[in-house]
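Please review the following briefing alongside the sequence and the coordinates.

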Amino acid sequence: MTQIFHGDLIRYPVATAAQVLNVIEERRKQSLVELTERLTQGIDMRSRRGIDGAIWTILSVSLVVVLAVTVLFALGPKLIQLGQSAVSKVQSPPW
């Protein structure tokens with residue numbers, strides 16, 4: 001790969017543009033070759049676990065959060081009602 005200097009940009013704009021296009025084309029070809037090699041190697045199914053089982057940790061925490069939200073959504077109005085009745089009983093003593 002050729003190096004492009006700032007002075008070359010000013011003196012030889014067409015040649016510099018051609019060099020830039022050549023570099024882009026080389027990188028595109030290299031990327032396609034790497035992608036083709038990666039696709040032909042196949043997929044390692046064990047890699048789906050992630051780093052130290054991170055995917056399963058995320059799924060487990062998500063499940064716990066969903067369960068907690070569901071329970072709070074179902075019990076929320078009852079808890080609010082119990083709290084309001086407790087406050088009203090505390091505020092009005094039986095004398």
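A polar atom of the Thr-40 side chain lies 3.0 Å from the backbone oxygen of Glu-37. Thr-40 belongs to helix H2, which covers residues 13–41. The model discussed here is predicted.

**Thr-40 and its surroundings**

- The relative accessible area of Thr-40 is 64%; this residue is therefore classed as exposed, because the value is over the 50% cut-off.
- The contact of Thr-40 is made by its side chain, whereas Glu-37 contributes a backbone oxygen.

- Glu-25 and Arg-28 form a salt bridge, in which the closest N and O atoms are 2.6 Å apart.
- Side chains of opposite charge can pair when their charged atoms come close.
- Both Glu-25 and Arg-28 are located in helix H2, with a separation of 3 residues, or about one turn of the helix.
- Residues three or four places apart in an α-helix point the same way, because the helix has 3.6 residues a turn.
- Glu-25 has a relative accessible area of 30% and is partly exposed.
- Arg-28 is likewise partly exposed, with a relative accessible area of 41%.

- Helix H3 comprises residues 54–91, and Val-71 is found within it.
- At Leu-75, helix H3 has a kink of about 50°.
- Helix H3 is hardly covered, as the count of buried residues among its 38 residues is 1.

**Overall fold and surface**

- The protein contains 3 helices and 0 strands, and its pattern along the sequence reads α-α-α.
- Of the 95 residues of the protein, 3% count as buried.
- The accessible surface of the protein amounts to about 9000 Å². Carbon and sulfur atoms account for 68% of that surface.

Notes:
Residues are numbered from 1 along each chain as its sequence is written. This is a predicted model: local features need pLDDT of at least 70, side-chain atom pairs count only at pLDDT 80 or more; totals for chains, interfaces and linings use all residues. Side-chain values use heavy atoms; hydrogens and water are left out. Helices (H or I, at least four residues) and strands (E, at least two) are DSSP runs, numbered from the N terminus. Buried means under 20% relative accessible area, exposed over 50%, partly exposed in between (1.4 Å probe, protein chains only). A polar contact is a pair of N or O atoms within 3.5 Å; within protein, one must be able to donate a hydrogen and the other to accept it, and residues adjacent in sequence count only if both atoms are side-chain atoms. Accessible areas come from the Shrake-Rupley method with a 1.4 Å probe; for residues, only the protein chains shown count as cover. The bend at a residue is the angle between axes fitted to the seven residues ending there and the seven starting there. A salt bridge is a side-chain nitrogen of Lys or Arg within 4 Å of a carboxyl oxygen of Asp or Glu.
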